[in-house]
Amino acid sequence: MTRTPISTESDWDFETLERFEQELGRLAAECRLDTYPNQLEIISSEQMMDAYAFTGLPVNYTHWSFGKHFIATEQNYRQGQMGLAYEMVINSNPCISYLMEENTLTMQALVIAHAAFGHNSFFKGNYLFRTWTNAEDIVDYMVFARDYVTECERRHGERAVEQVLDACHALMNYGVDSCRRPVHRSAASERERQQAREAEFQARFNDLWRTLPKEEQKDGRQAPPRFPAEPQENLLYFIEKQAPHLDTWQRELVRIVRKVAQYFFPQRQTKVMNEGWATFWHYTLLNRLFDEGLVTPGFMLEFLESHTSVTFQPGFEDRRYRGINPYALGFAMMRDIQRICEAPDEEDRRWFPDIAGSDWVGTLDFAMRNFKDESFIAQYLSPKLIRQFRLFAILDDDTRDEIEVTAIHDDAGYAEVRRRLAQQYAMTHYTPDIQVWRADLRGDRSLTLRHTRHHRRPLGGTTDEVLRHAALLWGRDVKLEEVSEAGEVLHTRTVKAALDDAA
Amino acid sequence: MASTQLIDRRKNGRHKSAENRQRFIKRYKEQIKRAIADSIAERSITDTVSGGEVRIPRRDIAEPEFHFGSGGWRHGVHPGNREFVAGDTIKRPEGGGEGSGSEASDQGEGEDDFTFTLTRDEFMELFFEDLALPNLHKTRIQSMMEEEPVRAGHTHDGVPTNLDILRSLTGALARRTALRGPLRFEKAELEDRLAASRDEEERAQIRAEIEVLEKRISAVPFLDEFDLRYRNRVTRPKPCTQAVMFCLMDVSGSMDEQRKDIAKRFFMLLYHFLHCTYEHIQVVFIRHHTTAQEVDEQEFFQSRDTGGTLVSSALDLMDKIIASRYPREDWNIYAAQASDGDNWPMDSARCRELLTAKVLPAVQYYAYVQIVAAQEQQLWAEYDSLRAAHPHFVMQKIAERSEIYPVFRQLMRKTTS
């Protein structure tokens, strides 16, 4: 089937963009991609830098750290040290994708395919996003957050707000209960809830605690049961609910940062899958456009040049090597699954009996919906890809003088390489395991955190600084116990609360 | 996909981050100020009023979070294996960077600086925070007007240099088209009749008519005086915002590189400071030993001379330059003098007289800095006696580089009156 190309120009206009969106939408529907409605926004490069600075949210509260990001981005961009990414997409409903005005038509089409159909369907389908984010309400919630922070600044001063936000940011990686599903709330109900809490707090205020009989403590010789009964991994939540000295508005700020952390929680764990999925779909959809004669060979050349540079994976000795490129690995795995479905060989049948020869659209859809990077790699990385990437696993142990190569791309090593690579994407690999161990609410009110070491890895140099932030929120002393994997306490750090600052 | 929306956001605000940027600058004001103070060393006096690059250590602005330090053990998977087989051992790379790469960027000795550019205004604001321009006679500035030519459309007459050729020719073309058009139609009609006519007499008559028409057509001039358009300029009064700054420096043998460097920095500060108020600043460099000379910046700071010192020679020259080039009505005049205080004993008194009689009445502000002086020099004493009568005359001593800025601040501090 030959048809006339949508455009032979390299510059875009609104009509052509709409045409592309329609054609890509038609093809995406043929491939059963389920997406939120799209909202494509044309922006300038300055606005793209703003979007960068807001860490990928269209609205955000005021904080100096976003200014820092903006300055860094702007500086690098001005000096030509980096191009801006062609795309940015927001997990919201409707799904907002930014198209930079400087992009050529080809790049715009690529971005539409990648972001507006690839990422969009991933946001809508993947279980982590479904569980942890609320696409319907994120934009509204951020508007609420921004206004609330501004209001707090007006009432309590910029400095006081900044202190709380700084402290929360330091603990931002500990703002999620990874094993408990959150209840979704709409932005409107968030506002109501915030007001209700304030009202309730006012109503409940009394001297009840002071009137409790004191003997209790002396009577029971036994140590009181530890509180919390189980260790809590969500430090921000615990602080929001239990910190003895925080004002209501401060608790609300903690909650805002916690909500933002939760919103980004799935993104960190699905980098490979998300980018791989989006890259796979822009590749597939644009090739189909070409097959139908809707784009010119020149278009394809420009597209492929960009595509290959995005999916380029330098080897470990290369100067450009910055670890495994999630676009490269993700795209290769998606394509590989498609290959295993369509044209499996004997090895594939051995390794992937379930999917070899199955319908690729359904199989990929299943993979996209039900996995995160760690499990996705553990499930789907094939020996063929391990050979193609020439992956090898090493063991770096500080008790030994040398690093050992433990597995390479051979029969003996496939399973090990796959297992190790999957672990590399596990949370425990990049976030130290720190939980609330004890809050001494009846005694000195100190908070004790526990870092359970993973692979004997200690905490880095900024730990005390983070603890000072935690102490600021908690309002009393904060202790951190480092515990070995066997459960024995190795040492304890204590940070005194600076009571003057807490107000 | 009927519900897809395509929205043009380019018209929306571009400066969503401006507030956050300001917050950042506010938060790290002290570090940034320090960085600015360091950076002026590398600049030429007039060079960088455009604001500039500021570097602050990345460590200072890091946002801390819990992360892994080095130690323990970990597996890593990397691509691009060529020769390794299982069981091989590799030497640990220097610096233990292996695997820590992008995951823990805050932890290591990643001492590269955070560099960014301040706009001129931000630069000035931070640099001269809580300083005021001394003795600024505001009334005088406002009353001082100069004429500034401004474009104001086009006129029919003017001097040839202002001729707008494009516009003139465009007009001419239009005029020619308008005037020749009807004649050409007429001529074409006659030519048709000529072709159709068989009657010789009629043909001759038509030919004659055509000839007349052709004459009339060719008589339309290519360019008429009427077409000429000149760019028009009118003069508009404009407040004068120009200043001249005199830098006077002693270059006798006793002023070594180090002292000159201190002087340079002081001049530079003053220059930047004046730039906050005045758009155009001229700088006059006068160096002197026993005689004074006007030189360019390069020579001012670099060449060295030996010999005695007559400070008055410089003041003399300055007075002459003011008289010949910088009339007091049009210029805001500032002067800064740097010296080590060494002077011919007889000359110091003459300096005082010159200052009192000629220089000080002409200038808005006169700053004298004396760079290192173990014992009181006579010049200092003479100058000192001027202070009471002339509030816009200030003097300070600087012994070390680090004192420049504090001294400058002291000289320029806001007077709360």
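Helix α2(A) is largely enclosed by the rest of the structure, because seven of its nine residues are buried. This description rests on a predicted model. The buried residues of α2(A) are A:Ser45, A:Gln47, A:Met48, A:Met49, A:Asp50, A:Ala51 and A:Ala53. They pack against four elements of chain A, namely the strands β1 (38–43), β2 (87–90) and β3 (95–100) and the helix α3.

The packing with α3 can be described in geometric terms. Helix α2 (residues 45–53) of chain A and helix α3 (residues 64–78) of chain A meet at an angle of about 140 degrees, and their axes are 8 Å apart. Since angles over 145 degrees would count as roughly antiparallel, α2(A) is therefore oblique to α3(A). The crossing of α2(A) past α3(A) is right-handed. On the α2(A) side the contact is formed by A:Ser45, A:Met49, A:Asp50, A:Tyr52 and A:Ala53, while α3(A) contributes A:Phe66, A:His69, A:Phe70, A:Thr73, A:Glu74, A:Tyr77 and A:Arg78. Sorted by class, this contact between α2(A) and α3(A) comprises six nonpolar, three polar and three charged residues. Just after α2(A), A:Thr55 adopts a positive phi of about 45 degrees.

At the level of the whole chain, the domain assignment of chain A gives domain 1 (14–126 + 270–304), domain 2 (138–204 + 235–268), domain 3 (311–428) and domain 4 (432–502). The C-alpha centres of domain 1 and domain 2 of chain A are 30 Å apart. Between these two domains of chain A, 18 residues of domain 1 are in contact with 20 residues of domain 2.

Notes:
Residues are numbered from 1 along each chain as its sequence is written. Chains are lettered from A and ligands numbered from 1 in the order in which they are written. This is a predicted model: local features need pLDDT of at least 70, side-chain atom pairs count only at pLDDT 80 or more; totals for chains, interfaces and linings use all residues. Side-chain values use heavy atoms; hydrogens and water are left out. Axes are lines fitted to C-alpha atoms, for helices over the stretch in contact, and angles run from 0 to 180 degrees between N-to-C directions. Helices (H or I, at least four residues) and strands (E, at least two) are DSSP runs, numbered from the N terminus. Angles under 35 degrees count as roughly parallel, over 145 as roughly antiparallel, 65 to 115 as roughly perpendicular and the rest as oblique. A crossing is left-handed if the near helix is turned anticlockwise from the far one by less than a right angle, and right-handed if clockwise. Contact means heavy atoms within 4.5 Å. Ala, Val, Leu, Ile, Met, Phe, Trp, Tyr, Cys and Pro count as nonpolar, Asp, Glu, Lys and Arg as charged, and the others, Gly among them, as polar. Buried means under 20% relative accessible area, exposed over 50%, partly exposed in between (1.4 Å probe, protein chains only). Domain bounds come from an automatic or database domain assignment.
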